[in-house]
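Colleague: Hi, I'm new to this one. Could you walk me through it?
Modeller: Happy to, here it is.

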Amino acid sequence: MSMWSKFRGSRLSYLVLAIFAAVICWLYVDLARQPDARVSINNIPVSFVGEDLLNDMGLLILDDSPTISIRVSGPRSVITQLNRENVTITASTIGISEAGVYSLECEINLPGSVTSGSGNPVAITSRSATAVDVTVVEMESNTVPVRAEFTGTLADNRFYDEDSFVLELTELEIRGEESEVNLVSYAKVVLSETNLADTWTGRLPVILCDAQGNELSTDNLLLETDMISVAFYVECYKEVPLTVTMISGGGATSEDASYTVNPETIIVTGQEGVLEDLTEISLGTVDLSQVITSEQFEFDIVLPDQVSSRDGVTGATVTVTMSDRLETRMIETSNIRLENAPDGYEYQYGSLTVRVRGRSNNFSLLLADDIQVTADLSGVSVANGATLTVPVEVELTGITELGVLGNYTLTVTVTDPGHAADTTEPDAETADAA
């Protein structure tokens, strides 16, 4: 005989069948007939109908957040759906037109899926209160400044300053009971994002603070807005060297000179994409023909568009020093040519001594006539007896290994050969004839 056959005929099998039948009967009674059950829903907040109209009249409910607890009965499958989120309690403020203490009747509102259902209705068997007492006061208003705070962190080589925040509102109107309004010194928004590498935009909640910076509750206050749009501009900074370009001249090339810049670098700020390719800032050029041994030059720092100096530095000093491997000699020349000199005058001038620089072994190649001096008299007022100081251009012809240093002028004396005859006194006969 099999084990199943033994079990089927045993007393245990009849006991199992009896239990199974009892469960079926219980389910039938519980689900099909649905006997009433009772559920308590505690601390349901009371909301006020018409509160906006009250506020428009300059009145405010001092909200102590009243709540009411209820007990409901009905089919178990229905009332188990009820909770503090879908059961609401309202009290109407319509009709209130002045400050005072009022008792407002409360209305309990069940969700539509329960109240519109057919069959076994849900009944409210008890409630902790049928009305709530509210205090209505006249509102005061005040306008407070809005501040912004950053409590987060920035990515590497990023910074912000007092101008980084741009706020939708810089002032905020608050309304409420006078004693609470007077506590508010300012409003603030706080950005706490971490590892910011670029500009952040979004909306931040408003926080009210007293004069000591303590945060205040907004429960009994009406705010112009409880969220403010904010832009927080994050910029990069970068240390960039300052450079100059040396132009060959006076027998020297950039290999014959060295320079220092004070300051050597500048810290600049801007957006990451702008600074990425900025490797140096050129101050300008230095003509080596204007440097004898050592000279200082002052430069303005001109920054590219959308780039700023973080520390406010706007200028730099460049010191150029010549190598001692160059030699300088003073050489006199009479190879002078006047250009654009008006006719009818005679011009007297002497020789000119110029400073020539280069490697010592190259001076053997230089002849006096290789130094050409040109004085241009165009635009110069020429008159008899005038002594003119005329800028001249000096160049070496036929030799590139040497160069002329500095700038020169030539003193030119002007005479009019016929001027003396024109101003002599006439003889007696001529005078009589006249």
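Colleague: Which residues have the most contacts inside the largest nonpolar core?
Modeller: They are Val46, Phe48, Ile70, Leu82, Val87, Val122 and Val132, in a core of 27 residues. A nonpolar core here is a set of buried Ala, Val, Leu, Ile, Met, Phe, Trp, Tyr and Cys residues joined through side-chain atoms within 4.5 Å. Buried means under 20% relative accessible area, exposed means over 50%, and partly exposed is in between, with a 1.4 Å probe and protein chains only.

Colleague: And which element gives the largest share of this core?
Modeller: Strand 1 does, with five residues. Among the other elements giving two or more residues are strand 3 (67–75), helix 4 (76–79) and strand 5 (100–109). Helices (H or I, at least four residues) and strands (E, at least two) are DSSP runs, numbered from the N terminus.

Colleague: What does Leu82 touch?
Modeller: Leaving out residues up to four places away in sequence, Leu82 touches Ile41, Val72, Val87, Pro111, Val114 and Val122. Contact means heavy atoms within 4.5 Å. There is also a second, separate core of 26 residues, which includes Ile331, Leu377, Leu410 and Val414.

Colleague: Before I go on, where do these values come from?
Modeller: This is a predicted model, where local features need pLDDT of at least 70 and side-chain atom pairs count only at pLDDT 80 or more, while totals for chains, interfaces and linings use all residues. Residues are numbered from 1 along each chain as its sequence is written, and side-chain values use heavy atoms, with hydrogens and water left out.

Colleague: Thanks! Now sheets: in what order do the six strands of the open sheet come?
Modeller: The order is 15-14-12-8-11-16, and the pairing is mixed. Two strands pair if DSSP finds at least two bridges between them. At the edges sit strand 15 (215–216) and strand 16 (221–223), each pairing on one side only.

Colleague: How many bridges join strand 12 to strand 14?
Modeller: Three, and the two strands run antiparallel. Tyr186 has Cys209 in strand 14 as its bridge partner.

Colleague: Why is strand 24 largely enclosed by the rest of the structure?
Modeller: Because six of its eight residues (315–322) are buried. Strand 24 is joined to strand 19 (residues 257–262) by six bridges, running antiparallel, with Ser258 partnered by Thr321. Strand 24 also pairs with strand 22 (residues 294–300) in the antiparallel sense over seven bridges, and there Phe297 stands opposite Val318.

Colleague: What is Glu168's salt-bridge partner?
Modeller: Arg203, with the closest N and O atoms 3.9 Å apart. Arg203 is partly exposed, at 44% relative accessibility.

Colleague: And which residues are linked in a network of salt bridges?
Modeller: Glu149, Lys188 and Glu215.

How values were computed
Salt bridge = Lys/Arg side-chain N within 4 Å of Asp/Glu carboxyl O.
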